[in-house]
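Here is a friendly walk through one protein model, written for someone who likes to keep the coordinates open alongside.

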Amino acid sequence: MTSHQRWTLRTENTSYTVRLAPDGSWAELDAWGPAGVEHGPSALDWSRRTHFVTPADAAPAEYLPYGLRPFTGSELVAARPGGERGVWWDFAGAEEGEGSLRLAFTDDVLSLRTVLCYETVPGTDVILRWTELTSAEELRLERLDSAAVNIPVTGVARMTYLTGQWSQEFQRTQLDLPRGTFTMGSRQGAPGHAYAPWLAVQDGEAEAAYGVALEWPGNWHITAEAEPGGTVRVRAGRVPHEGVVFLAPGETLTTPRLACAFSPDGLDGLSRVWHRYERHLTGERIHRPRKVLYNSWEATGFDVDASGQLELAEAAADIGAELFVVDDGWFTGRTDDTGGLGDWYPDPAAFPQGFGRFVEDIRALGLDFGLWVEPEAVSPASRLYAEHPEWAYQVDGRPARLVRNQLLLDLGRTDVQEFVIGTLDRLLTDYAVSYLKWDMNRPPTERGRPGTERADHLDLDAQHVIGYLRVLDHLRAAHPDVTIEGCAGGGGRIEHATLARTDVVWPSDNTAPLDRLSIQYGFLHAHAPHVMSSWVTDAPGIFDPRPRSLAFRFVNAMCGVLGIGADLRAWTSEQRAEAARWIARYKEVREVIHQGDVQLLGTPKDPTFGVQYDAPEAGRTVVAALSTGHLDGAPLVPGRPSRLRLRGLVAKARYRDADSGSTYSGAHLLHYGLPFAWRADHDAELVVLIRQ
């Protein structure tokens with residue numbers, strides 16, 4: 001094959017061009033950016049002389065094995081069992097399709113065929129990349145990344161990523177990387193609370209932003225290397241629990257998909273690319289309204305009984321909630337967190353007239369009914385564990401460690417998958433359950449499968465992921481009308497494989513107003529508002545305890561999928577009436593919030609922060625405005641309203657505030673912004689603008 005071969009993939013607004021290396025041994029990036037960027041000399045040209053590294057080490061390679069790229073980081077490390085590591089391959093052909101590309105490379109010594117796969121996503125500026133590995137003999141894979149992404153920079157590379165911990169997830173964090181290596185990931189059997197599998201890279205202060213997101217709800221890593229010569233190379237993939245994966249003869253191993261995105265409009269524009277992609281993942285379900293939810297957990301904890309829950313449901317129905325969810329504590333043996341998990345039957349003592357009657361009583365109030373489950377967990381005191389102790393992860397001869405007083409089921413086992421499917425089918429069939437909240441409150445610790453002869457040949461992380469996704473796929477197929485919420489102690493398992501199979505996810509267990517504002521700000525950089533479940537509660541701040549009004553809590557929660565988790569029995573009649581007004585307003589604008597184009601207006605560190613949602617075809621713009629800082633001192637000292645500059649409007653158009661009747665030109669809103677006269681008792685507004 002000749003070295004001039006080039007292939008270009010085109011999305012809605014971008015181009016991605018790959019070329020064959022001069023000697024045909026690998027593929028490398030030629031251009032990636034706005035449409036037409038491929039016409040001209042490549043900004044990633046590496047063809048001048050290299051010193052102390054090989055040409056492959058200097059190349060902007062799309063994917064290279066250790067062997068060809070020995071010094072600067074490779075995506076594939078393979079060997080025969082007991083043999084020396086290294087793969088050397090030759091180009092074996094290309095297959096082009098409508099929006100797809102497959103580039104094959106072969107190593108005849110190892111009988112290994114590697115296919116680099118590309119696919120554009122219709123209606124978006126996202127390109128999916130993954131790799132397929134097939135061998136005629138058994139191979140030992142020490143690294144099996146999905147892809148590498150090359151980004152040209154003229155100076156310091158700016159990394160934006162999402163960090164945190166339990167109750168403080170999705171904190172937007174930035175790092176300037178002039179040279180060296182940056183890496184993040186998780187070995188907790190889930191993406192985890194510390195980092196999200198998402199990264200954005202910019203050329204210093206330049207507006208253009210490149211992003212990657214790994215579709216994998218297990219162990220993972222993303223590594224960025226600022227290399228000599230003005231390139232940042234990002235590698236991403238899954239991380240096997242056992243450290244290696246054995247590729248069996250004749251089998252094909254497919255790596256997780258890496259979504260790659262570009263926007264010329266900075267991080268804000270990049271977020272809209274991701275939002276559009278996640279609406280694509282949602283498919284036709286995007287048109288199903290996300291119902292206003294009431295969840296009873298913060299009101300009752302484990303103290304669940306029919307009369308108390310019905311009292312809360314009546315109050316929830318009165319303020320306009322559409323869905324009532326019973327959280328943890330509804331099943332046998334669940335008086336606290338030491339028992340019950342695995343024995344998924346309603347507690348007859350809590351529901352003396354039967355659980356079916358209780359559900360019908362909820363539905364008679366005009367509410368849909370939802371239920372919390374933690375299908376992967378098991379309590380040591382449960383009947384399930386007594387009958388099947390081998391179903392829990394455990395290392396032979398080692399003690400089993402309890403986390404949250406529970407163990408984790410080995411969902412990679414087919415019999416465990418069948419048990420979980422059977423349990424959920426029974427609950428969703430026996431009772432009129434239309435909402436299922438799937439939680440996961442502990443990572444795997446002693447991760448072994450008792451009785452396995454060749455434990456080193458297991459791939460427990462991948463098997464658990466496959467089992468988890470199989471159950472979610474079954475729920476989608478068998479119970480298409482059921483809304484599914486994904487949760488893992490808050491935001492511990494949020495990535496595109498989960499988002500493609502759920503309707504909403506729970507970003508954090510922290511519902512305090514200013515804490516939650518920071519969480520949602522980071523979340524909306526990577527994920528769409530229609531998947532962001534957010535509650536109004538009475539929770540005080542953990543990290544920022546400054547009090548905020550009920551209006552602030554509602555406007556903040558309305559930035560995604562609105563829910564209420566407070567003890568409504570403790571609210572005054574005035575609070576309930578205010579809640580009813582906010583819920584009614586939310587129902588009027590939720591379609592714009594969930595399907596509109598999002599603009600993040602400032603940051604939570606600014607005195608006034610906002611989120612703007614635009615539905616140009618409907619001529620409506622919704623602005624959630626929140627006072628986060630100090631007041632201006634008025635009226636005791638001269639002051640003027642705070643201004644929130646909007647974006648993306650038509651300068652010559654006129655916009656009317658649907659509530660106040662005030663009218664503004666687009667130019668005024670873009671240049672000066674919306675005015676807000678904040679007071680101690682007025683710290684949030686929801687503005688709906690109608691284009692005239």
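## Bridges and strands

Before we look at partners across a sheet, one term: two strands count as paired if DSSP finds at least two bridges between them. Please keep in mind that the model is predicted.

An open sheet is built from 3 strands in the order 1-2-3, with antiparallel pairing. Because strand 1 (6–10) and strand 3 (27–34) stand at the edges with a single partner strand each, one side of each is left without a neighbour in the sheet. From one strand to the next, the twist averages 20 degrees.

If you want a pair to click on, Tyr-16 stands opposite Trp-32 of strand 3.

Is strand 23 mostly covered or exposed? This strand, residues 368–373, is mostly covered, with 6 of its 6 residues buried. Asp-368, Gly-370 and Trp-372 point one way, while Phe-369, Leu-371 and Val-373 point the other way; all are buried.

Strand 23 runs parallel to strand 22 (residues 323–326), and 4 bridges join the two. Val-326 has Leu-371 in strand 23 as its bridge partner. To get from strand 22 to strand 23, the chain passes through helix 5 (residues 355–364), and this β-α-β crossover is right-handed.

Strand 23 also pairs in the parallel sense with strand 26 (residues 435–438), over 4 bridges. Here Leu-371 turns up again, with Leu-436 in strand 26 as its bridge partner.

## A closer look at Asp-368

Asp-368 belongs to strand 23 and is buried. Which side chain makes a polar contact with the side chain of Asp-368? The partner is Lys-291, at 2.7 Å. Leaving aside residues up to four places away in sequence, Asp-368 touches Lys-291, Glu-322, Leu-323, Phe-324, Ile-362, Arg-363 and Ser-434.

## Nonpolar cores

In soluble globular proteins, nonpolar side chains tend to be buried together. In this model the largest nonpolar core has 198 residues, and Leu-199, Trp-330 and Phe-554 have the most contacts inside it. Apart from residues up to four places away in sequence, Phe-554 touches Val-536, Leu-562, Ile-564, Trp-571, Ala-579, Trp-582 and Ile-583. A second, separate core has 15 residues, including Leu-601, Leu-646, Ala-653 and Leu-669.

Definitions and conventions. Residues numbered from 1 in each chain as written. Predicted model: local features only at pLDDT ≥ 70, side-chain atom pairs only at ≥ 80, totals over all residues. Heavy atoms only, no water. Axes fitted to C-alpha atoms, helices over the stretch in contact; angles between N-to-C directions. Buried < 20%, exposed > 50% of the residue type's maximum accessible area, 1.4 Å probe, protein only. Right-handed = clockwise from strand over helix to strand, strands pointing away. Core = buried A, V, L, I, M, F, W, Y, C linked by side-chain atoms within 4.5 Å. Contact = heavy atoms within 4.5 Å. Polar contact = N/O pair within 3.5 Å; in protein donor to acceptor, adjacent residues only side chain to side chain.
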